[in-house]
Amino acid sequence: AQSVTQPDIHITVSEGASLELRCNYSYGATPYLFWYVQSPGQGLQLLLKYFSGDTLVQGIKGFEAEFKRSQSSFNLRKPSVHWSDAAEYFCAWGNAGNMLTFGGGTRLMVKP
Amino acid sequence: NAGVTQTPKFQVLKTGQSMTLQCAQDMNHEYMSWYRQDPGMGLRLIHYSVGAGITDQGEVPNGYNVSRSTTEDFPLRLLSAAPSQTSVYFCASSIQGARSETQYFGPGTRLLVL
């Protein structure tokens, strides 16, 4: 089955350190890919999205993601993490059936 | 704009009870959807609608009904609640679809079924 996988359930980084959250998808054609963030007790907010073109996508809050077709990956990165980035992050894939499929999520904790 | 609103924020039900989770949006979006969020499973699509009068099943539709009589509202009905339906429910909307568009999420409804 076509799916989205986030291998890391929890990640802890120190404030100011760099961050990379992994996302892998299983789909043959060029996918429509998204990263959403969920702060505690809140709904989800879009960070960035990729459809085609430049494989490095810039988003809000200083986040970026790189699409790598050869690795079926769409990893999220941030060069310097702030305490306010502590949240849960979801990778998602938009399919032709007009549905969004989410990964299981990665919970980010930030150490002071 | 209020965006996407959901009521109630929290609900406790007994097994077998029915209830309706409300969702409304004021952005004139055609596409609306319901997800449930369970630990480690991300969000799973329950039902969606591409416009008034049109609904379709998502990944986990069993035990839930929806209708879309207006563009603004998309209620989710639990006909006979079961403990397995304990979850956090999110409503989302977008201009036309889910494949390539930004989804706007409500704040969620936390449901506990005893």
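Between chain B and chain A, an area of about 1,800 Å² is buried, and carbon and sulfur atoms give 55% of it. Buried area here is the accessible area, taken with a 1.4 Å probe, that two parts lose on being put together, summed over both. The size of an interface is often given in this way, as the accessible area lost when the parts come together. On the side of chain B, the residues that lose the most area to chain A are L43(B), R99(B) and F105(B), together 34% of what that side buries.

This is a predicted model, in which local features need pLDDT of at least 70 and side-chain atom pairs count only at pLDDT 80 or more, while totals for chains, interfaces and linings use all residues. Residues are numbered from 1 along each chain as its sequence is written, chains are lettered from A and ligands numbered from 1 in the order in which they are written, and side-chain values use heavy atoms, with hydrogens and water left out.

The contact (heavy atoms within 4.5 Å) takes 24 residues from chain A and 24 residues from chain B. Between the two chains there are 5 residue pairs in polar contact, both residues at pLDDT 80 or more. A polar contact is a pair of N or O atoms within 3.5 Å; within protein, one must be able to donate a hydrogen and the other to accept it, and residues adjacent in sequence count only if both atoms are side-chain atoms. The elements of chain B that give two or more residues to this side are strand 4 (31-37) and strand 5 (43-51). Strand 5 of chain B gives the most, with 4 residues. Strands (E, at least two residues) are DSSP runs, numbered from the N terminus.

A salt bridge is a side-chain nitrogen of Lys or Arg within 4 Å of a carboxyl oxygen of Asp or Glu. One joins the side chains of E64(A) and R77(A), at 3.2 Å from N to O. Because E64(A) lies in strand 8 (residues 64-68) of chain A and R77(A) in strand 9 (residues 73-78) of chain A, the pair ties together parts that are 13 residues apart in sequence.

Within chain B, 4 strands form an open antiparallel sheet in the order 1-3-8-7. Two strands pair if DSSP finds at least two bridges between them. The edge strands, strand 1 (4-7) and strand 7 (64-66) of chain B, each pair on one side only. Strand 1 of chain B pairs with strand 3 (residues 19-25) of chain B over 4 bridges, and V4(B) stands opposite Q25(B) in strand 3 of chain B.
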